[in-house]
Amino acid sequence: MFNVEELKRQVYRCTRCGWCRASPNIVCPVYESDIPFEHNAARGKIALARGVIEGQLQLTDELVRDAFTCTSCGNCQEHCLSYHPYKTGALTGEPVIDPVETIELFKTYVVEHEGALPIHKEIHDRVKQEGNPFGELASNRTDCLAEFKQKKKADVVYFVGCMSSYRLQAIAKSTARLLQKLDVSFAILENEVCCGSVLLRTGQSKEVSDLMKTNLEQIRSTGASKVVFSCPGCFMTISRDYPKFGSKLEFEPIHLSEFLVDHLGQIGINQSEIKTTYHDPCHLGRARKIYDAPREIIKAVYPNFVELNTNKELARCCGAGGGMRSAYPEISEKIARTRLEDVKNAGVQQIVSACPFCEYQFMELADKAGINLDVKDIAEILLENLK
Ligand code: SF4
Ligand code: SF4
């Protein structure tokens with residue numbers, strides 16, 4: 001997938017306008033929460049990539065850090081006038097540069113020349129060995145769903161993902177229970193493996209083809225026409241990135257929030273007065289443009305719903321993505337704290353999201369930040385409040 005020509009093509013198409021940094025409010029979470037210097041936002045990173053490709057800059061430790069301090073949140077892409085040329089009124093048609101893709105290509109270039117960051121290499125090796133980034137036993141994956149694993153053929157596959165299989169099993173169990181209550185005929189893959197998102201976001205794309213084949217062959221064998229994802233990272237990678245590796249998807253990929261919204265009319269819900277807000281996961285919102293479905297579910301349960309000060313296309317990132325949580329935990333934490341301040345200012349007792357990774361980040365850091373907060377997934381709130 002990595003192609004230095006594509007990296008060259010993209011770096012020369014950056015007009016250096018700076019809208020990805022501040023337009024007029026600060027756009028990039030790394031620029032906002034770390035040091036507000038040029039190298040921390042997309043324009044600076046793309047200029048550095050260009051300097052490296054042209055041989056004017058060496059890949060020093062500092063420069064490698066600049067390539068990897070990016071959460072792949074897509075906020076720069078959302079603001080980039082060259083990505084959205086029609087916004088200028090002067091151009092129409094396809095994006096001429098995708099800043100997120102350019103930075104991910106730059107990461108891949110660095111990995112090809114200098115090797116991966118040590119912690120990212122460890123994650124890579126764990127994925128290769130056990131099929132998940134935590135190094136947990138592959139044989140234990142989806143153990144928590146043993147009672148739902150009988151079906152070999154089904155209309156729907158539930159793709160569980162690494163986070164819900166090993167870290168936030170309540171999401172996996174709630175999702176499976178909801179599908180069961182909705183009388184959905186669904187299967188769970190016998191040997192599901194990591195979708196490869198963590199490798200793509202950290203410049204290590206070589207193993208992704210093998211992971212893709214393993215997952216797609218198993219999905220095909222179930223005969224399913226739909227695959228439901230509770231993790232936006234898996235959803236984005238399989239629906240958007242697998243086709244870039246030459247795979248034709250023979251099923252409809254669908255995020256759990258959209259699947260559940262289509263079935264809301266079938267279920268009775270006990271409403272609750274708890275004041276609740278929603279955090280838009282970057283890979284569900286900006287990357288896949290799904291904003292309304294999770295809100296519809298939350299409002300059906302909690303009519304006392306409030307928006308955060310930045311939301312939908314402009315939502316702040318949680319700081320966990322792009323390999324930042326593992327490689328640069330201090331910056332990742334600062335970004336999360338900024339987002340948690342938004343939550344605190346909204347005066348809510350509960351935040352709901354639709355991404356296990358964002359939720360894990362908030363659960364870990366809310367206590368540390370002294371914020372008393374319940375963090376829940378859409379699957380959990382719906383199951384808990386069924387009549
Ligand atoms: S993807 Fe997000 S973190 Fe990365 S450069 Fe763009 S705005 Fe900054
Ligand atoms: S990446 Fe886009 S928004 Fe940022 S400086 Fe380049 S053209 Fe402008």
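Modeller: Glu252, Glu258, Asp262, Asp292 and Glu296 together form a negative surface patch. Patches consist of residues with over 30% relative accessible area and no salt bridge, with like charges joined within 9 Å; a salt bridge is a side-chain nitrogen of Lys or Arg within 4 Å of a carboxyl oxygen of Asp or Glu. Asp and Glu count as negative, and the charge is placed at CG of Asp or CD of Glu. Accessible areas come from the Shrake-Rupley method with a 1.4 Å probe.

This is a predicted model, in which local features need pLDDT of at least 70 and side-chain atom pairs pLDDT 80 or more, while totals for chains, interfaces and linings use all residues. Residues are numbered from 1 along each chain, chains are lettered from A, and side-chain values use heavy atoms.

At least two residues of the negative patch come from helix H13 (256–263), and at least two from helix H14 (292–301). Helices are DSSP runs (H or I) of at least four residues and strands (E) of at least two. Glu296 belongs to helix H14 and is partly exposed, at a relative accessible area of 43%; buried means under 20%, exposed over 50%, and partly exposed in between.

The chain as a whole has 18 helices and 8 strands. Of its 387 residues, 58% are buried. Its C-alpha trace spans about 65 × 45 × 45 Å along the principal axes.

Note on methods: Patch = residues over 30% accessible without salt bridge, like charges linked within 9 Å, V, L, I, M, F, W, Y side chains within 5 Å. Buried < 20%, exposed > 50% of the residue type's maximum accessible area, 1.4 Å probe, protein only.
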